[in-house]
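Let's take a friendly walk through a protein model. Have the sequence and the 3D view ready as you read.

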Amino acid sequence: MLPFLLLLLTPSHGLVAASRPGVVLFLADDLGYGDPGCFGHPSSQTPNLDRLAAEGRRFSDFYSAASVCSPSRAALLTGRYPTRSGVYPGVFYPSSKGGLPLNETTIAELLKQQGYKTAMVGKWHLGYGLNGSYLPIHQGFDEFLGIPYSHDQGPCQNLTCFPPDTKCYGKCDQGVVLMPVFKDDKIIQQPVYFPKLTQLYDNFARHFILKAAKQQKPFFLYYASHHTHYPQFASAGFTGKSKRGPLGDALMEFDASVGVILNAIRDAGVENNTLIFFTSDNGPELRRQSRGGNAGLLKCGKGTTYDGGMREPAIAYWPGRITPGVTHELASTLDILPTIASLSGAKPPQVKLDGYDMSDILFNNGKSKRKTMFYYPVTPSEKLGVFAVRYGKYKAHYYTQGSILSDTSPDESCHWTAPITRHIPPLLFDLEADPSENYHLSCYELPTFTSIIEQIQKETIKFESGMEFGESQMERGFDPELEPCIKPGCKPRPQCCQQT
């Protein structure tokens, strides 16, 4: 899962005369810290991302708020830990009764109040619900083109992932409807035809940008790509073209989408008033081996509270506003909503936010307002609380646990067989000296060990005292009748839910 954020767009010389900046947010799916070429992968071909990194601000210490898809996306769009909104434990499924609560304020809703045109393309994964009640068009987006959940959450073994007719690798989820593609709240394809999906998205996104610019309207585009989540797919122009196999082909296609959006912004005459921010939803699914992605030098991956599960590649780009370079300041997807609110003049929602305005980092090469990052597991509980805390350059693990999503990694502490283990005192790592979390510290190596642990404990107590867990949306259960079907009321389900 990989994301990417193009933010803030106002007039330069062309079509747009609005005073407020436009916003484009690109999110990748399961893209690891070590996957893009500009983050060190020796064989990834990502020229557009590499250009953004060279001419923009690359983040070395940027975090998602969760290590799996649904909660990480809830945090991104609301600026709140997903425990507050109830998006836990795990992820939403096609038959889930729950979704992102409609009383949560998303970035799209915030900007829509400011007169923005808003659209989303790609993977939603924040619930479908009764008659599509949780779809993006009910969460602040004027338009939606995409799939309401993860593209492996439906039978894929007979679908084409690579042209001319290479079937999707693996079997994905069974016993549910085939993967649908939505335009707003209507199904336009079932099943999806993967080799043409990205082109469909790119054309829609380009048209949306040019139309908004012509109307002199500020806009927000959230482009949540399916790349590079398993099973990988790509169009004819990228099939078999990379050095990394299917995952590399998918990554090349994602990178090309970045190029399409950049060209659209240039054609609209607004490149010099566009902030581009790229990131991913969570770490790589290491159990898929070479098809699962790469966390670089970070420990473990998706599903864990080690840094490989939640530390993500991120880039901000805005010609004339952001000077090229690398920032080592601590930042998070939680910080995107407050930053956009500040830049657009929108009033932040009147709820507890967990994010901070990143403007000083972006425009002044300044310090972060964020001093801590809290790591919850896939199945958070009020009883256990946070599993780990980053405080400055230090990270303390109160609990560690492996995940089936990071299985097959050479490091057995990443595996599902590694049980929940409590650590007293917490395992302490210096992430500047040891970003791989290999060598935990003690009072022998670090004379200030006790005082650091005490300070982290104070921060943890303060944070947890203000954390109110929302009602779990996942625990509302499932109803197969909720699964989206292009032929409502047909029988037998799910087999009848497909175009004929």
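What follows covers a strand, the cores, a pocket and a loop residue.

## Before we start

This is a predicted model, so local features need pLDDT of at least 70 and side-chain atom pairs count only at pLDDT 80 or more, while totals for chains, interfaces and linings use all residues. Residues are numbered from 1 along each chain as its sequence is written, and side-chain values use heavy atoms, with hydrogens and water left out.

Let's begin with strand 5, which spans residues 143-147. Strands are DSSP runs of E with at least two residues, and helices are runs of H or I with at least four, both numbered from the N terminus. Four of the five residues in strand 5 are buried, where buried means under 20% relative accessible area, exposed is over 50% and partly exposed is in between (1.4 Å probe, protein chains only).

## Nonpolar cores

The largest nonpolar core has 58 residues, and Leu52, Phe194 and Leu197 are among those with the most contacts inside it. Such a core is a set of buried Ala, Val, Leu, Ile, Met, Phe, Trp, Tyr and Cys residues joined through side-chain atoms within 4.5 Å. Helix 5 (residues 197-214) gives the most to this core: eight residues. Apart from this core lies another one of 46 residues, including Phe59, Leu135, Phe182 and Phe363.

Now zoom in on Leu197. Leaving aside neighbours within four places in sequence, Leu197 is in contact with Ile147, Val181, Val192, His226 and Phe233, where contact means heavy atoms within 4.5 Å.

## The lining of the largest pocket

The lining of the largest pocket divides into 13 nonpolar, twelve polar and six charged residues. Here Ala, Val, Leu, Ile, Met, Phe, Trp, Tyr, Cys and Pro count as nonpolar, Asp, Glu, Lys and Arg as charged, and the others, Gly among them, as polar.

## A glycine in a loop

Gly385 lies in the loop between strand 15 (372-375) and strand 16 (388-391). Is Gly385 buried or exposed? Gly385 counts as buried because its relative accessibility is 6%. Not counting residues up to four places away in sequence, Gly385 touches Tyr376, Pro377 and Glu464.
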